[in-house]
Amino acid sequence: MLTESDFFASSQTALPDEGRYSWSAPSNIAIVKYWGKKDNQIPANPSASITLNRCQTMTNVSFKKSSSPGFDLYFDGEKKDAFRPKISKFLERIAPYCPYLDRLQLTIETSNTFPHSSGIASSASGMAALAVNVMSIERLMNPEMTDEYFNRKASFLARLGSGSACRSIDGKIVVWGNHRDVESSDLYGVPFEKIHREFEGYKDTILLVDKGEKKVSSSAGHDLMHKHPFAQQRFDQAHENLSDLLRIFETGDLDGFVKLAESEALTLHSMMMTSMPYFILMRPNTLEIINRIWNFRADTNIPVCFTLDAGANVHLLYPAQFESEVNELIKSDLSRFCQNDHYICDEMGTGAVQLTQSENIG
Ligand code: PMV
């Protein structure tokens, strides 16, 4: 495993005067959840996620050598000052590891494949897309860099922007955080390769119960774990659940997956309900959908289950072979509990992809 000192940039060749890169990076959905962090975006417990495929952020970064470095930011083709503080903070945090950036003027153009007001956080895909672009610039100075190093440092940088973003760089299933059973790191995400065929192409249909901005940000939620009465038990449980989950992915234990995924989702929300101050992010329709999933599963024996992120939307998880039955359930029963009947059909993906000139958004 790499340590922090491996992530200070070394340069073999000079940077060209200008250049442009374009990458797309996906969102991810955690099955064992990260909730609670230490300084420097170090997670209080390890987590594991499924990488998504369709929910992506596409980002172009153009750079020019300049004596007055800085950045311009465009979202969907328009200047977006509201996003500047997040990007500034990200660039500040990665500066010690990417000193070449302070000689560059950057133009960042970004857009999401999912609607901005969908209640789906774009911080994971957004920070991941930015981090791989930065690594493309770094690779110009260090052409012999391996893909593995590229991915690990991109994940390391993305983590400094938004913790869960480090799981959006590389791999279908990604583990982040030190854990006794698997080679993993608190500093970056590592792909978990032992995936049973039952989990290949796993589906995630995101039922958009509430497309509004979250009432409590994840940063505020993570902070509340510091004085949380159940914090230590929760962190210990996450270690146990991660051991179980890795075995489940390896052996294709779909029933085990259902139980673990739902229990993790409800535990995450119970941490929110038992912190001080307490809060509830689920909405009545979140619970309505959960009950209907449970009834459907009892009636059909189809191993469809749910997970939740830090919001009201429900992620419906199921094996690819049951796509038509679950689609029928969504159309005939669940979609009416979504805001404007909206849902997004996604599935397991592989991570960030570099875009060619014709694919990029510019
Ligand atoms: O990466 P953050 O700080 O937005 O936190 C993400 C927290 C959860 O989505 C609730 C869980 C996770 O592991 O992704």
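Hi everyone. Before we start, one definition: when I say polar contact, I mean a pair of N or O atoms within 3.5 Å. Please also keep in mind that this is a predicted model.

Let's begin at the ligand. With that cut-off in mind, look at Tyr34, where a backbone N or O atom lies 2.9 Å from an oxygen atom of the ligand. Two side chains come in as well. In Arg167, a side-chain N or O atom is 2.7 Å from a ligand oxygen, and for Ser218 the corresponding distance to an oxygen atom of the ligand is 3.1 Å. On its own the ligand has 380 Å² of accessible area, and the protein covers 89% of that.

Who else is around it? The residues surrounding the ligand include Ala30, Lys33, Trp35, His222, Leu268 and Ala310. There is also a run to look for in your viewer, with Ser162, Gly163 and Ser164 among the surrounding residues. Sorted by class, this shell has five nonpolar, five polar and two charged residues.

Now, where does the ligand sit relative to the domains? Domain 1 covers 4-193 and domain 2 covers 200-347, and both give residues to the shell, so the ligand lies between them.

Let's move on to the packing. In soluble globular proteins, nonpolar side chains tend to be buried together. Here the largest nonpolar core has 46 residues, and the members that touch the most others are Ile94, Leu101, Leu106, Ile137 and Leu157. Several elements give two or more residues to this core, among them strand E1 (18-32), strand E4 (47-65), helix H1 (84-94) and helix H3 (147-161). Which element gives the most to this core? That is H2, with eleven residues.

Is Thr59 buried or exposed? Its relative accessibility is 2%, and buried means under 20%, so Thr59 counts as buried. The side chain of Thr59 also has a partner: a polar contact of 2.9 Å joins it to the side chain of Thr110.

Last stop, Cys305, in strand E11, which runs over residues 305-308. Cys305 counts as buried because its relative accessibility is 0%.

Notes:
Residues numbered from 1 in each chain as written. Predicted model: local features only at pLDDT ≥ 70, side-chain atom pairs only at ≥ 80, totals over all residues. Heavy atoms only, no water. Near = heavy atom within 4 Å. Polar contact = N/O pair within 3.5 Å; in protein donor to acceptor, adjacent residues only side chain to side chain. Areas by Shrake-Rupley, 256 points an atom, 1.4 Å probe, with all protein chains shown as cover. Nonpolar A, V, L, I, M, F, W, Y, C, P; charged D, E, K, R; others polar. Domains from an automatic or database assignment. Core = buried A, V, L, I, M, F, W, Y, C linked by side-chain atoms within 4.5 Å. Buried < 20%, exposed > 50% of the residue type's maximum accessible area, 1.4 Å probe, protein only. Helix = DSSP H or I, 4+ residues; strand = E, 2+ residues; numbered from the N terminus.
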